[in-house]
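Grab a pencil and work through these exercises with the model open beside you. Each task is followed by a step-by-step solution.

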Amino acid sequence: MAKQRTGVTRREFLQQTALASGAVALTGLAPTAALAAQAGEQKIGSQLIGKLEGPELVLDPAKWPKKFGEAPALAELVKAGKLPPVEKRIPEEPMVVKPLHSIGKYGGTWRRGFTGPGDGENGNRIVSTDKILFWDYTGTKIMPCLAKDWKVSDDGRVVVITLRKGHRWSDGQPFTADDFVFWYEDVYMNKDIQPTPHPDFMVNGKPGRLSKRDEYTVMFEFPEPNYLFVDILAGSTAMGGGQATQQHFLRSMGAYMPAHYIKQLLPKYSSRDEVDKRAKAAGFDGWLSYAKNRWDWRLNPELPVLGPWKTVSPANTPTWGLERNPYYYGVDTEGKQLPYIDKISMGLAENLEVLNLRAIAGQYDLQERHTAMAKIPVFLENRSKGNYDVKLDPALNASDATLQINHAYDADPEIAKWLHNRDFRRALSLGIEREQLNETFWLGIGVAGSVIPSDSSPYSPGGEWRKKWSTYNPKQANELLDKIGLTKKDSEGYRLRTDGKGRLRIELQTSAGAFIPHTQVAEMIKEQWKKIGIQADTKELERNLFFTKIKGNEHQIAIWANDGTEALYLFPRHALPVDPVEALMGHPIADWFASNGKAGKAPKDPQMVKALDLFRSAGSKKTAQERYKIAQEIFKIIVEEQFSIGTVGQSPATMGVRIVSKKLGNIPARQVNAQHCRTPCSSHPATFFYKA
Amino acid sequence: MFAYLVRRLILAILTMWAVSVLSFVVIQLPPGDYITSYIAQMSSSGSFVSEQEANALRQQYGLDQPQYVQYIRWMKMVFQGNFGMALEYGRPVAEVIGDRIYLTMVVSVAAIIFTWCAALPIGVYSAVRQYSFGDYVATFVGFIGLAIPSFMLALILMYFGFTLFNANIGGLFSDEFAEASWSLAKLWDLTKHLPLPAVILGLAGTAQLIRIMRANLLDELGKPYVVTARARGLSESRLIIKYPVRVALNPFASTIGYLLPYVVSGSIIVSLVLSLPTVGPLLLKSLVAQDMFLAGTIVLLLGVMTVIGTFISDLLLMWIDPRIRFEGKQ
């Protein structure tokens, strides 16, 4: 076992040396020795994957602290009269967090790396407690966040959230229901800013409404039952994603905004000329560009925010610097105001290899973004020198390289006929030797199988569906292909088209720059498919071209990760063709679904129609249990029909390789790694602290 | 002479105009536009951008207009000294480039100084002492310098810097100075970081110049005027420096045309590998993101610098080499 991996890792590194890579220069040396010493007969994964754990919220007000503490720097400002005392800054009903291990110490600067202004998620995910609702550390239970409470009416048409009394923005102004109303009336309903209603705030194509009941109560109303909306408020969605994420980078969603600050940017509150003039003075072409820039927390240090840290040095400079928000609404169980860490300093790395090399050198205190799985051996080798630990957080989605079949493909009728044939798809899946892929590209850490999410996810239909049609069985695959009439072969053993136009060739379209090298994965699958007589052609495209082809309905099979499918309703696009923005399973079908049949093309396969109907019906189901059940049914159909073919996943490939300085405390051994949990935010980075 | 200068000037302006059109067109050749790459970026972070939102954004940036309209709009702004907004950065292009251009110049000038300081004396030495031990060493180093791609050299030096000296990885400043305002300490920090990139960037050029200098000087050394000067009893060092070296300097002057754009861009690949905060990586990123204002401005800047540089080297050559001056007159 260990011997086999030795060869494999070396090959992996050789492949990577093609990149201009600093860390690779390091990996050339002795990863094999490190692995052999580390792993022995065991998988390295089992040594580095710990127990899932995290801080918990104290929900019983009787157990809340009565006295409050604050960081020394803030205490001095209070003494100097520049800041109100801590009791006046935090809400009457704060968010009380029980830190994972111990009460922390104040101070320190958290050093990280980021790759430029386009890497906003690097910071967004740290301050995501500006969400309306959130999840616990397991990612399965909805928790209070900005809203201390929520209620769904019996008929599912009204969702009411209650805010925390005395909650304040980072500039000390009150945060109330008016901030929601302002966003809804002046931003969301403004056609210049938001041209159409957003699907996350609609039910069955009909828009929802937002209104205020009193200062601390906000109502979301829908024309039809929308029980799913609470999940949407808790998920990483346009409505529930929070200010930082949903208002960064030209976005204008998020359900609330600091009204007192944003008003000056909108024509409504002065005049079009006035705001345009101000925008031009700042170098922008008009008020809209300027407003979008000003409500972007990465770029505007003056913007009032609600998260634990706020920007001091913007993300479009060489260092994205954050410092504590003196009005943050979270406290620990002793009443000490969070966060413990004073500052976050993210240094610009012009390329990912330099970022990885810096992590290897111990120049980051905590970094889980951009640290690559292929570098794990080098991280391990240098961990005592760099004084850090390596922790792996496998994701919940099943396949980092999914063969997404275009169910609307029609350019070549012969190919289309086979792609839309269930037995053909099953044969393709049975012809893939997933363990070989796992050993080669996932260091043996991943889990092989179909596209269903991890067994720990309530959406999973159960372990047996991971194996179904998804184990290596070339004999059965050949039988299936023979049965459907692909019996004629050429001299090299490849099956021929039935229309007499030569060899049957299937195109695997990949995009460069994914976390797992999709093109190399496709090349290996191409080799494996030789045994079932199927000729694959791999075609690597630049990312924009990749999506342009998909939009033009030109691809046959596209390889892409199926991230997000672990929370099917919150991010369905990698499981079903429902989203025209990223319609890997057929753009015309996604268009048809998103437009309620007004555009695009209806799917021909009755099982696909059934899956989409099930998906559409979920929102009107009252309990989470009922909705989970429907999701399980959908996944069963996808696996049975092999609508998309899974390979290897549940791996730390995406943001799951965590480099943690030994100086940090309250760090979970393993944290949930999923989009809806805003990893690492479900571990409450505000409770991390420097031990010495 | 004056007519010659005017003709060159008019040609230069025409070239710049052609460069601006070409840069704008070429940048927009790949499929999609900035919004396409923006949507891809958004969806990789799990956000949804609807078709209508995408179209509204296109409208906001004028991307829905035909290309020539966009070009005219851009040119109008450029003539007012406004290069547009760097889309990904949300800041004016001039500011984004301005942030980096001084550091780029510092690194490039350091590299050029290194190149000249090393290449000139070594080139002269290995020509004068042809086939000596020193010449062989210089030739060997020269060929190695030419043969190894500089990004490879960057990787190797970075690796040894890390394993042997525990040096900072990449960049031009230590962590504590990256954010700090300018001070003597920060300047010293920069000076400490400078040699590595300067040597890496300069080495390939050095090797090339050594070879050119050596070859040119060898040509000159056998010429009758050198023999005459020697017969007249001029000291050897004075003789070499004053006459053949001056003639052999021709290639130095003619490469200035390429040096100027290099000074403002730095080397893209090496800067990327070493994570230097220079204009090079910025150009690459803006091209990937299809930010045509930023990329267009950088390409335009490079074009303008090349044109100016060529102009300057023409003038220099005329000054150094009388033969060219006469041809210009005829």
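Two residues are in contact if their C-beta atoms, placed from the backbone, lie within 7 Å. This is a predicted model, where local features need pLDDT of at least 70, side-chain atom pairs count only at pLDDT 80 or more, and totals for chains, interfaces and linings use all residues. Residues are numbered from 1 along each chain as its sequence is written, with chains lettered from A and ligands numbered from 1 in the order in which they are written.

**Exercise 1.** Work out what share of the contacts in chain A with a separation of 6 or more comes from residues 24 or more positions apart.

*Solution.* Take the contacts with a separation of 6 or more in chain A; residues 24 or more positions apart make up 71% of them. Next, check burial, where buried means 20 or more other C-beta atoms within 10 Å of a residue's own, exposed means 12 or fewer, and partly exposed is in between. By that count, 57% of the 692 residues of chain A are buried.

**Exercise 2.** Find the buried residues of helix α20 of chain A and say which helix they pack against.

*Solution.* Within α20(A), residues 474-483, the buried ones are A:Ala477, A:Leu480 and A:Leu481. They span an arc of only 95° around the axis (using directions from the helix axis to the C-beta atoms), so they sit on the same side of α20(A). Finally, the buried residues pack against α17 (422-430) of chain A.

Terms used. Helices (H or I, at least four residues) and strands (E, at least two) are DSSP runs, numbered from the N terminus.
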